[in-house]
Amino acid sequence: MDEEVFDVMIVGGGLAGCAAAYALAKAGVEVVVVERGPFSGSKNMTGGRLYGHSLEKLIPGFAASAPVERLITRERLSFLTDDSATTMDFASTSLGAPVCASYAVLRASFDQWLAEQAENEGALFVNEIRVDDLIVRDGRVCGVHAGEDDMEAKVVLLADGAVSLLGQKLGMVAPLDPHAMAVSAKEVIQLDEKTVSDRFGCAPGEGCAWLFDGSCTDGHIGGGFLYTNRDSISLGVVTTIGDIDHSDTSVPEMLKRLERHPVVAPLIEGGTLREYTGRMILEGGIAAVPELVRDGVLIAGDAAGFGLNTGYCVRGMDFAIESGRLAAEAILKAREADDYRAASLGVYRTLLDESFVMQDLRFYRGFPSFMEQTRRMFTEYPVMLEDLMLGMFRVDGAPPKKLTKKALSAAKGVGLMALANDARKGLKAL
């Protein structure tokens, strides 16, 4: 193995690495994926949401055979106080249309399935091997130091996750910025299929994605999330690392607060804990995207900073898959010219610029800083909405008031000028 030079070496068997491996192997390229875990997805416990459009390009009709949990046809967004939830609830069969279908997935099984598709096309997966460093000669990446072996390749794709230590060693990825990263606590709560459908008002096979803002993070910048799996619920909280010292509430305690909330508690009642984990999540938007190409190396997926949180929509999986596919396309073009220098591999940046990945990140470039600078989103606004809803729906025999008066009374806690300023900044960021 020490003497062989592979066509392509991919570090990381997550969605980006597997997507690239699938596309390259399908094109007849010799590709090796080095994965630290015993199998792809073994480090990605619990669940999340996959927007299917990017994988649909790679494997048309994938959902018919992939281990997706439920088709998302219901969206909910709640602003929480300790005792209430002001919720926007949108349900539509249009959310399940092929062009925009999204799915709740459990990453352990889903990533393993995608790796198997790549293996079926001829990709080689080397599991339970940690890549400690890269082989660099004359400024060009030529392979990896993996365990006791040196594995050489014409080109290396780094898809080694949100904290790319290899990218940092090359100087391509900046050291961890606590304001561009978040930490999460996540769990899967086992129920049964009918109970999940009944509690969320969903037809069999269909499900709900629900985001929470407010008291669950105890004033921290962040929020909670819930996804309905086939016979379980994925529940979690996320908070920006740079914001952790603003209170004494730990991230696991934030998750407990969400579990105990009067809106959430009945939904998980009677369930049993199946999985519990924590992980790092990208929050920096386009400002966190590093140098993507050098001689002999490209970076894709979470390692490339491709993540987006707009407060009502959290994305990363579709970015990972698309960037892996485009990295494969760039490698194939470089292979035609037998030239793996940065100038040749630079077509990857062009392909990304023309794709939804960079277009979406650019469009929402102002949102991460808006969220970080508008702490009222996580403290005062949920209380304001609670006051407004109580003014509308509570009947206690008191003299009636006009709705405008009720709204103005509720807004006093925030301040009309602050409210207008935040609205202006938020609309600009979106």
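Modeller: A residue is called buried when its relative accessible area is under 20%. The model is a predicted one.

Colleague: With that cut-off, how many of the ten residues of strand β10 are buried?

Modeller: Strand β10 covers residues 149-158 and is mostly covered. The number of its ten residues that are buried is seven.

Colleague: Which strands pair with β10, and is each pairing parallel or antiparallel?

Modeller: Strand β1 (residues 5-11) is joined to β10 by six bridges, and the two run parallel. Strand β17 (residues 297-299) also runs parallel to β10, over three bridges. Four bridges join β10 to strand β9 (residues 140-146), and this pairing is antiparallel. The partners are therefore β1, parallel, β17, parallel, and β9, antiparallel, where a pair needs at least two bridges.

Colleague: Which residue of β10 is the bridge partner of V144, and which residue in the turn between β9 and β10 has a positive phi?

Modeller: The bridge partner of V144 in β10 is M151. β9 and β10 form a hairpin with two residues between them. The residue in that turn with a positive phi, about 60°, is G147.

Colleague: Which residues face F6 and V156 across the strand pairs?

Modeller: F6 has its bridge partner in β10, namely A153. V156 stands opposite a residue of β17, and that residue is V297.

Colleague: Is E152 buried or exposed, and which side chain makes a polar contact with E152?

Modeller: E152 is in strand β10. Its relative accessible area is 18%, and the cut-off for buried is under 20%, so E152 is buried. Leaving aside neighbours within four places in sequence, its contacts include E4, F6, I135 and R137. The polar contact, of 2.4 Å, is with the side chain of R137.

Colleague: Why does Y51 count as buried, and which side chain is its polar partner?

Modeller: Y51 is in strand β3 (residues 47-51). Y51 counts as buried because its relative accessible area is 15%, and the limit is under 20%. Not counting residues up to four places away in sequence, Y51 touches A101, S102, C313, V314, R315 and D318. Its side chain makes a polar contact of 3.3 Å with the side chain of R49.

Colleague: How far apart in space are Y51 and V99?

Modeller: The two residues are 48 apart in sequence. From C-alpha to C-alpha, the separation in space is 9.9 Å.

Colleague: Which residues of β6 point one way, and which the other way?

Modeller: In a regular strand the side chains alternate between the two faces of the sheet. Strand β6 (residues 102-106) has five of its five residues buried. S102, A104 and L106 point one way, and the other way point Y103 and V105.

Colleague: Which residues stand opposite Y103 and A104?

Modeller: β3 and β6 pair in the antiparallel sense over five bridges, and β4 and β6 pair in the antiparallel sense over three bridges. Opposite Y103 stands L50. Opposite A104 stands R70.

Colleague: In helix α5, which residues are buried, and which residue caps its N-terminal end?

Modeller: Helix α5 covers residues 193-200, and T195, V196, S197 and F200 are buried. These buried residues pack against β4, β12, β13, β14 and α7. Just after α5, G201 takes a positive phi of about 65°. At the N-terminal end, a side-chain oxygen lies 3.2 Å from the backbone nitrogen of K194, and the capping residue is D192.

Colleague: How many residues are in the largest nonpolar core, and how many in another core apart from it?

Modeller: In the largest nonpolar core, the residues with the most contacts inside it are L55, F306 and Y348, and the core has 85 residues. Apart from it lies another core, with F79, Y227, M371 and L385 among its residues, and its count is 24.

Colleague: What distance separates the centres of domain 2 and domain 3?

Modeller: The domain assignment gives 181-282 as domain 2 and 370-429 as domain 3. Their contact takes eight residues from domain 2 and seven residues from domain 3. Taken over C-alpha atoms, the centres are separated by 25 Å.

Terms used:
Residues are numbered from 1 along each chain as its sequence is written. This is a predicted model: local features need pLDDT of at least 70, side-chain atom pairs count only at pLDDT 80 or more; totals for chains, interfaces and linings use all residues. Side-chain values use heavy atoms; hydrogens and water are left out. Buried means under 20% relative accessible area, exposed over 50%, partly exposed in between (1.4 Å probe, protein chains only). Contact means heavy atoms within 4.5 Å. A polar contact is a pair of N or O atoms within 3.5 Å; within protein, one must be able to donate a hydrogen and the other to accept it, and residues adjacent in sequence count only if both atoms are side-chain atoms. A nonpolar core is a set of buried Ala, Val, Leu, Ile, Met, Phe, Trp, Tyr and Cys residues joined through side-chain atoms within 4.5 Å. Domain bounds come from an automatic or database domain assignment.
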